[in-house]
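Dear colleague,

I am handing over a structure that you have not worked with before, and I would be grateful if you could read it alongside the notes that follow.

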Amino acid sequence: MRVDLGNALSTTPGVSESSLERLDEQVAAAHETIEEGRENAEHGYAALNLPDTADPDAIRSAVEPFDAPEAVVTVGIGGSALGAATLSSALAEPSDPDAYYLDNVDPERVTRLLSTLDLSETVVNVVSRSGTTAETLSNFLVVREAMDDAGVDWTDRTFVTTGEEGNLRNLAEKHDLPSLPVPDGVPGRFSALSTVGLAVAAIQGHDLDALLAGARAESERLSGSLFESPAYAYGAASYALANRGALTNAMMPYAEDLEYFAEWFAQLWAESLGKDGLGQTPARALGATDQHSQLQLYRAGPRDKLVTLVRPTERADRGIPETDLEGLSYLGGSSLGELLDAEFEATEASLAAAGVPNVRVEIDAVDERGLGELLYGMEAACVLYGELAGVSTFTQPAVEWGKRAARGLLGGGDFEEADAVSEKTSLVVE
Ligand SMILES: O=P(O)(O)OC[C@H]1O[C@H](O)[C@H](O)[C@@H](O)[C@@H]1O
């Protein structure tokens, strides 16, 4: 992963090279804390050890019984879906089993999906770190019933990824389902490079070793200076820019295959850093599509944004046919890839010319190696940002509040948070 901070130096907000040099002392101290956390495999920090602790052989053998299914349906939510979705959507080949994600409980979508699948040729991948998440367990019960109704033995088609204890672990043991453990100390949003994120990639036959090698290469570049580590350069600059008013971070990959990556990044950044009145709101965008919608706001709206532009430097290209259509001849003989790159650089320049900070992040290609670098790099950037900001990066108390309220409403226990629902203020206009 390469990070270029040049377009964030003399912008508004902006961070000068000398202020980055001053910040580097704090980066050195934060790096020591992170390294200590990694050595002791402390909660959260353990995720940065996954390039060495994840076991690709164990993942491959757990999914071996499911040879070449037509489809894989992952039932999970948040960190238990987004990492796998990022990888499977970015790496998808036409011959791969189709990957679907039930990460919501919208009955219409669930029903539609189940009615289109041949369930006897579908693998169900149930993922929940806690084993208690209401959306995941409800969807699983619905899928299981659909399999029963279709005369499919769900115990032959299901595997489970969960913690050592909990409802889902009990279910896996009771029915002797193939299962994988969620590694200790790895929060959901940092679990893409673990059993949680890699199982679907393994079913699809993608190269887990190359993914982990990419992550390892990025981990080996973590050091006590932001000027030596692309991940820390990104984390430190984002932090400094947020302190100076860039309260939104628009993540804008220039590769359709990375569209899900922006979604994954949004959870990582929002849940990890949104605490104590601090944080940086992630916005999801896609180049070049969003040049024709959101870019107007990014360039000319409130001066509260950092735009992160991500691209692979190599991609399979496709030529644009020559044309004698008036005014379009400049396109003929060029290629879609060249056009996309020109758009990337034009957007960068247009933001810089307007004084809007933007950071360029590049990987060689959207392949296993590049994704390993990118996901690990962003995780390390996030952990560093959290250290610099002094927030509790690996917890999500605000999310837990809502979970308790919903559970209380459904009669799943006595939770005072549920009372707040009946105390809602209304001002209805009809
Ligand atoms: O994996 P699970 O325990 O089912 O959790 C799934 C998700 O639930 C919560 O909403 C957390 O805030 C997320 O960080 C987590 O990824």
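For the residue classes used below, Ala, Val, Leu, Ile, Met, Phe, Trp, Tyr, Cys and Pro count as nonpolar, Asp, Glu, Lys and Arg count as charged, and the others, Gly among them, count as polar. Please bear in mind that this is a predicted model, in which local features need pLDDT of at least 70 and side-chain atom pairs count only at pLDDT 80 or more, while totals for chains, interfaces and linings use all residues. Residues are numbered from 1 along each chain as its sequence is written, and side-chain values use heavy atoms, with hydrogens and water left out.

The largest pocket has a volume of about 1,000 Å³. Of the 38 residues that line this pocket, the closest to its centre are Ser 130, Thr 132, Thr 133, Ala 134 and Lys 403. A pocket here is an open set of points, on a 1 Å grid over the protein atoms alone, where a 1.4 Å probe fits and protein lies on both sides within 12 Å along at least five of seven lines, and a lining residue has an atom within 4 Å of a point. By class, the lining has 14 nonpolar, 16 polar and eight charged residues. Strand E4 (122-128), helix H6 (134-149), helix H8 (167-174), H12 and H16 each supply at least two lining residues, and the largest share, seven residues, comes from H6. Helices (H or I, at least four residues) and strands (E, at least two) are DSSP runs, numbered from the N terminus.

The space taken by the ligand is this largest pocket, where a molecule sits in a pocket if more than half of its atoms lie within 2 Å of the grid points. The ligand is surrounded by 14 residues, the closest being Ser 80, Ser 128, Ser 130, Thr 133 and Glu 271, with a residue counted if one of its heavy atoms lies within 4 Å. This shell has two nonpolar, eight polar and four charged residues, and helix H12 (259-273) and helix H16 (397-409) each supply at least two of its residues.

Oxygen atoms of the ligand lie 2.8 Å from a backbone N or O atom of Gly 79, 2.7 Å from one of Arg 129, and 2.5 Å from an N or O atom in the side chain of Glu 271. Taken alone the ligand exposes 390 Å², of which the protein buries 89%, with areas from the Shrake-Rupley method and a 1.4 Å probe.

Lastly, some backbone details: the peptide bond from Thr 12 to Pro 13 is cis, with omega near -10°, and Pro 13 is in the loop between strand E1 (2-4) and helix H1 (17-39).

With kind regards

Conventions:
A polar contact is a pair of N or O atoms within 3.5 Å; within protein, one must be able to donate a hydrogen and the other to accept it, and residues adjacent in sequence count only if both atoms are side-chain atoms. Grid points are joined across faces, edges and corners, and a volume is the space filled by probe spheres set on the points.
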